Amino acid sequence: MDYSKKGIENKQNTIKSNTRRMVSKIRITLFRLCIILFVFLAIVGTFAGFGFITGLINSAPDIKQINVVPQGYTTSVRDKEGNVIENLVGANANRTYVYIKDLPDYVKYSFISVEDERFYEHDGIDVRGIFRAAVKGLKSGDFTEGASTITQQLLKNQVFNGGRETDMIARTERKIQEQYLAIQLESFLDKNTILEYYINTINLGSGTYGIQTAAKKYFNKDAKDLTLSEAATIAAIAQLPVYLNPINYPDRNEERRNKILGAMLEQGHCTQEEYDTAMADDVYTRIKSNNADQNIDTYYSYFVDELIEQVMDDLQNKLGYTQAQASNLLYSGGLSIYTTQDPEIQKICDDVYSDESNFPEIGISYWELTYALSIQKKDGTAIHYHGNDLLNYYKDYDDPDDLYVDDKGSSFSLLFLDKKDMQKKIDAFRDAMMEKDDTILGENITMIIQPQSSFVVMDQYTGQVQAIIGGRGEKTGDRTLNRATNTVRQPGSTFKVLSTYLPALDTAGLTLGSIQDDAGPYYYPGTKEEVTNWTQVQNYNGLTTLRQAIYNSMNIITVKTMAQVTPQVGYDYLLKLGFTSLVDSRKEKNGTIVSDINLPLALGGLTDGVSNLELTAAYASIANDGVYIQPTFYTKILDKDGNILLDNSPKKVQVMKESTAWLLTSAMEDVVTKGTGTNLKLTAIDMPVAGKTGSTSSYNDLWFSGFTPYYTATVWSGFDTNRPQIDKLFAKKIWKTIMEQIHIQKGLEKTSFAKPDSVVACKICTKSGKLAVEGLCDKYEGGNCVKTEYYAEGTEPTEYCDVHVKVKICTKSKKLATDNCPAELVKELVLLNKKETCVTADTPFVIPMVSCSVHKGTTQSPTTNNSPSDILSSDLQGDDLENAIKNIIAPDTN
């Protein structure tokens, strides 16, 4: 550097030169322009940014229109004692609301301490948190750390669909709107309300939403009972519900839990002692124990299945909901459904049906296969296979071990004894159907134990269903085939009482003492179809009271009685008894018209059949003095706020006279004491039972519907595919076992069926149905016919027996004595004045129509009450008559 005088002058001259001055000016001008441009851009950017933000704010939802209240709640199903027996959960609705005032402070601070430590200080957004996250992002280049407050998180979940944006711009837009709304929200709601909504909204893993459901899931307790350690464990899940799930990832959860506990200690929300205790607590062992069966499939019970059906129907029919609305409310509305289920009775039923020793052993019980296979071929076409394809594949199979029930000419069938062997057959079939590059679209293999069974128990006085069993064996899904409520079967002889004898006594002028002649062959009027009694060997009982026809389940008398009643009257009574599956008239696909309004209705011969539930309700109406009550599965439904949504007061209808109900009950007591149901008498406890047995052709269906003074119950057994049953007694044993246990465990005292004042008694002759005549009816050669019978007042007989006649028989000729028969050879007998058309139980005791041919003379006059005009009347001739007489007179002594 030249610092001489001359050097300095030269430098000054250079600076002052025109060129230099021009360059300097240009530089200054450019600098000023840059400053102006920068300021301009800054101003434009500011206005643009302001406009952008203003636009986002203006497009944000109106704070008055948004709803941050948690949506979607678990519906609880409770038994009659108030115990929760099931939860109905829709998508994102496994939630039970709790109030923050009911929770310990450490529960709420377990969330606040790490999610939003200045929650009670900020106005919706945490400025310090935002700057902290920004600085960290600038230093690391990672801007994923959030600064969202609890208020913002609540808005994100409830307003912004959980914040699932796929790009940065959309995320930024949502964040700006979220912060704007957060400030506004805090001017509408107080802090505790916001926090309450938050802890009831958040996803806490394993399908739980809100702290109450999470507390139940992980610790099997209410949120208000959580310890500090447990609260911190649940709060740790909130950040990443899957990654921090304490069941699947306990180590990850523990790391964050410890962070939460440390923050709570640092912020003064717990003491050192509480911190130390929480840190030492092994919560994860408890969680593992409480959720040991989480991978085991559990399904709704048959009771809950039917409950859902009834609630869905009532929401639509009583409240006008659409099906979709009803379903959404049921599964996500947080309803409290109070059912009629008695937990003690249901457990008795469950235990009996879970005990395979109560059912026929394998060899009499079988497994039945339902099979479907869909295969997609290489060219995209699909082929569907079913059980019939399996049968065809194994049509030539030889079954050396008799593992398959062969009833169609093949050694292989879908009814089998060994599940493992059947699975091998299925595997081989599948492999044979598959080709290279084929894909299995789906396969369904269902093996159901057979015969099946169902059971229903009702309280006859309230119509409340106490318990049901919809099937035997393991339940394989929700709302599957419910044999107690959703399937219909032929009711057999259980229908005799309901379709025939009920209307006969109630309105048709008949009584339990009315007489029908059990004789045959008897055909349905106008047809060649014979009506036979249920015994395999056809026996006819002759003159029979309706009471005896009931307890001995006599078909011919029942049909004859129905003919008097008329099928239309019987059908109308059945409708009043609540049956919904009867057919008035229906055109079938083949063009034929079918109807249940015909005489086979008397014997339960129906087009479709009836359900166990409806049959039980019908019998319950007899037990309830003739009052039908529609069976109910719930008493009331409350909405999530505790208001009554549905009050399920049952319909009650007097469908028969009180006297009719008692008379039928009396006759059905005889079913159990001396009729077809003697093995149903309760022996472990002294308690009267009334009811009716029933069976269908080849014993495809077996029933008993009966009641005590406390409960009505019905049992059914049969194959789902209508096959004959071998063991005909197991269903009755089940009914007896369950009813004995119910009455014993309930401590119910013996009581009789209360007889109403409208019922009177008198002594009748069971061969005429009229008042008994002493010296005749009680001296009848066929046995004493004098019985006490009951009647609805005003229907009792007023005439005396006219079918018993005292006649004299010559023991030499075995015929009616004449005035010439020696006195020592004459025997006086009480016989029947009856016209026989076939051999019946009466035949040996009917008055013969011929006089003694050994001692010819005038026939001695018979002794009778009403002097019938045609005493000597019979269609029997020759050997039939001789054989009949030989059975009742003493042998010839001469």
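Which residue in E22 is the bridge partner of Gly706? In this predicted model, the partner of Gly706 is Ala713 in strand E22. Let us see where that bridge belongs.

## The sheet around E22

Strand E21 covers residues 702-707 and strand E22 covers residues 712-718; the two pair in the antiparallel sense over six bridges. Together they form a hairpin, with four residues between E21 and E22.

Now step back to the whole sheet. Five strands make up an open sheet, and their order is E9-E8-E22-E21-E20, with antiparallel pairing. At the edges sit strand E9 (464-469) and strand E20 (690-695), each of which pairs on one side only. On average, neighbouring strands of this sheet are turned by 10° against each other, direction ignored.

Two helices pack on this sheet. Helix H22 (residues 612-623) touches strand E8 (452-459), E9, E20, E21 and E22, and its direction makes about 145° with that of E22. Helix H23 (residues 658-674) touches E20 and E21, and its direction makes about 65° with that of E20.

## Buried or exposed?

Is E22 largely enclosed by the rest of the structure or open to the outside? Seven of the seven residues of E22 are buried, so the strand is largely enclosed by the rest of the structure. You can check this on both faces: Thr712, Thr714, Trp716 and Gly718 are buried on one side, while Ala713, Val715 and Ser717 are buried on the other.

Next, look at the loop between E20 and E21, where you will find Asn700. Asn700 counts as buried because its relative accessibility is 16%, and the cut-off for buried is under 20%. Which residues does Asn700 contact, leaving aside its neighbours within four places in sequence? They are Arg489, Ser717, Gly718, Phe719, Asn722, Arg723, Pro724 and Gln725.

## Aromatic rings

How many aromatic pairs does a search of the whole structure find? The search finds 26. Here are two of them.

| Aromatic pair | Arrangement | Centre to centre | Between the planes |
|---|---|---|---|
| Tyr404 and Phe412 | tilted | 4.9 Å | 40° |
| Phe495 and Phe579 | edge-to-face | 5.2 Å | 70° |

The pair of Phe495 and Phe579 links distant parts of the chain, 84 residues apart. Phe495 lies in helix H18 (residues 494-506), whereas Phe579 is in the loop between helix H21 (567-576) and strand E14 (586-587). Both Phe495 and Phe579 are buried.

Tyr404 and Phe412 are both buried as well. Ring pairs also place these two in a cluster, along with Tyr371, Tyr385, Tyr393, Tyr394, Tyr397, Phe416 and Phe429.

The charged end of Arg252 sits over the ring of Tyr249, 4.1 Å from the ring centre. Likewise, the charged end of Lys419 sits over the ring of Trp367, 4.2 Å from the centre of that ring.

Terms used: Residues numbered from 1 in each chain as written. Predicted model: local features only at pLDDT ≥ 70, side-chain atom pairs only at ≥ 80, totals over all residues. Heavy atoms only, no water. Pairing = 2+ DSSP bridges. Axes fitted to C-alpha atoms, helices over the stretch in contact; angles between N-to-C directions. Contact = heavy atoms within 4.5 Å. Buried < 20%, exposed > 50% of the residue type's maximum accessible area, 1.4 Å probe, protein only. Phe/Tyr/Trp six-rings, centres within 6.5 Å; stacked < 30°, edge-to-face > 60°. Lys NZ or Arg CZ within 6 Å of the ring centre and 35° of its normal.
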